Amino acid sequence: MPTREELEVVALSLKVAFWGVAASLPFAVATAFVLARKRFPGKTLFDAAVHLPLVLPPVVVGFALLVLFGRNGPLGRLLEPLGIVFAFRWTGAALAAGIMGFPLMVRAIRLAIDAVDRRLELAARTLGARRMRVFFTVTLPLAWPGLVTGALLAFARALGEFGATITFVSNIPGETRTLPLAIYTFTQSPGQDAMALRFSVLSVLLSLAALAISEWLVRRTSPRPADA
Amino acid sequence: MLEVDVAIRRGAFVVEAAFTADAPIVALFGRSGSGKSTLVNAIAGIVRPERGRIAVGGRTLFDSALGIDLAPESRRVGYVFQDALLFPHMSVAANLAYGERLTPPAERFVERDRVVALLDLGKLLERRPASLSGGERQRAAIGRALLASPRILLMDEPLASLDAPRKAEILAYVELLRDELGLPIVYVSHALEEVTRLADSMVLLADGRVLAQGGVAEVLARAEMQAHTGRFEAGAVIEARVARHDERTGLTSLAFADGELVVANLDALPGEPVRARIRSRDVALALEVPRAASFQNVLEAVVESIGEEFGAIVDVNLRVGATPLVARLTRASAQRLALAPGRKVYALVKAIAIDRRSVGYA
């Protein structure tokens, strides 16, 4: 049976990953839509910027977050009076997780939006629907499986986030020590291999559960007829 | 009343068309690539013309000079696409309700129950589009467009992806709409039998330009159009009324202004107006009444003009009284009969050449 300490780590990891994905999902949908459907100057550059977290060393992303959102960073100082603090808080871990998973989400959702027949959107407009309504009643429901896939990928990525997190918000037990950080901590202390192993097993179980839930979610709520 | 006068540029392709139409059903007719679909897309607001004006029932939808360009959702133009384009994630009922919900109750002119009854959608309401046949899908798409209470209905080759029996089925429904709802319809097609059956007036398009417009019979009778309507499609349209049925022979007589036409049994009531298309290749000519021949129809006619020759073939334009008719002959036959304008001839038409497909209920 997992110990209280282990459960705390798992709960924190889930909290960080969930909020990281939930908070970035609307932005990912908007970004995916713009990339799939709009043409504008500098699109290639924008596309590259979105994918940056995928190709940069996570430590670099973490460092950039530290510089921007640290207590003395330009954005950190801006947000602190509003009560929004990322530095060395679990919220910072969620921010790092969200940003690292962002390109994965955007890619999956963009593919799904690309696959939606644009003429269906035109048909909806001739029936009197404005663009926003078309998006929420036609485009988004038809891209739903891609949305779930993207969110799951990002969630899995968030559960495994290490480099950006430890660089940005450090390794504070109970606040920012998620599963990977806990495993790392145990592997660094002599004689704690057994603990590292226990956490690793927990990590595997968590990922499998996330996978199963998303499969169920896609099948359960998919608007497309199963037997087309 | 539909008024269109636009120039549309799609890459290198330019559509420049001006026409007005006031008939219940107007056909936009032409080969694929003639610009028909581009034009209806411009009416719907999906394609923006470079310049010009589009108005429906006196309401301006687009006017480049005045800077008017209504969004598709504000045009109240119903659009039935070639492949239906029902929303695959919704039931038929939800598809039907989509546009209806967005229409203010005061502007609705047809209730859902009426549309469901007209188009026989009752049994399909709970089904998903993926489980419907092509014809059912098209019917649901027509219903969906109608329930948005449009001021005009655009149908872009709605039969193109259907097999022959389904085509006939949808055609009958379109006729029903025309008669029951009085909604103006723009019907895009490259199939002449659909046009002659449904439409009252037509706009003939080729290479992005209007070649002719007017009444269907009038436009089709003009020989220079026949190159664009296709070689084996060429022919004339005769407006007639069902005179009587002969139960014994199974033949139906159609009376037109200048004579009578006998066709194979037609499913129409005596007195009903019909429109029969006689393809020019089904018309033979003789200088005297043949004494022993199988032709049911021997019509006295006068050669009006000899059309353009193409290869061994020539089209001879005739008048049966005031009714135009076209005969397609070999050049050799035309010479042998010494055909020239003013010459009296007999036009021979087999009764079975006028099949049910080419007779429309006007």
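These legends describe close-up views of a predicted model.

**View 1. Chain A is built from helices.**
Chain A has 11 helices and 0 strands. Along the sequence, its pattern reads α-α-α-α-α-α-α-α-α-α-α. The C-alpha atoms of chain A fill a box of roughly 65 × 45 × 30 Å, taken along the principal axes. Of the 228 residues in chain A, 37% are buried. Among contacts in chain A with a separation of 6 or more, 75% join residues 24 or more positions apart.

**View 2. Strand S3 of chain B is mostly covered.**
B:Ile25, B:Ala27 and B:Phe29 point one way from the strand. B:Val26 and B:Leu28 point the other way. Both sets are buried.

**View 3. S3(B) pairs with S9(B) and with S10(B).**
What is the sense of the pairing between S3(B) and S9(B)? It is parallel, over 5 bridges, with S9(B) covering residues 185-189. In this pair, B:Leu28 stands opposite B:Val188. S10(B) covers residues 201-206 and also pairs with S3(B) in the parallel sense, over 4 bridges. Here B:Phe29 of S3(B), one of its buried residues, stands opposite B:Leu204 in S10(B).

**View 4. Chain A meets chain B.**
At this meeting, 18 residues of chain A are in contact with 20 residues of chain B. Two helices of chain A, H6 (118-126) and H7 (131-142), each supply at least two residues of the side that touches chain B. H6(A) gives the most to that side, with 7 residues. The residues on the chain A side divide into 12 nonpolar, 2 polar and 4 charged.

**View 5. The largest nonpolar core draws on chain A and chain B.**
This core has 160 residues. Which residues have the most contacts inside it? They are A:Ile109, B:Leu154 and B:Val186. Helix H5 of chain A, residues 90-114, gives the largest share, 15 residues. Domain 1 (2-221) and domain 2 (235-361) of chain B both give residues to the core, so the core lies between them.

**View 6. A:Ile109 and the residues it touches.**
A:Ile109 is one of the residues with the most contacts inside the largest nonpolar core.

Methods: Residues numbered from 1 in each chain as written. Chains lettered and ligands numbered in written order. Predicted model: local features only at pLDDT ≥ 70, side-chain atom pairs only at ≥ 80, totals over all residues. Buried ≥ 20, exposed ≤ 12 C-beta atoms within 10 Å, placed from the backbone. Contact = placed C-beta atoms within 7 Å. Pairing = 2+ DSSP bridges. Nonpolar A, V, L, I, M, F, W, Y, C, P; charged D, E, K, R; others polar. Core = buried A, V, L, I, M, F, W, Y, C linked by C-beta atoms within 7 Å. Domains from an automatic or database assignment. Lists of a residue's contacts leave out its neighbours within four places in sequence.
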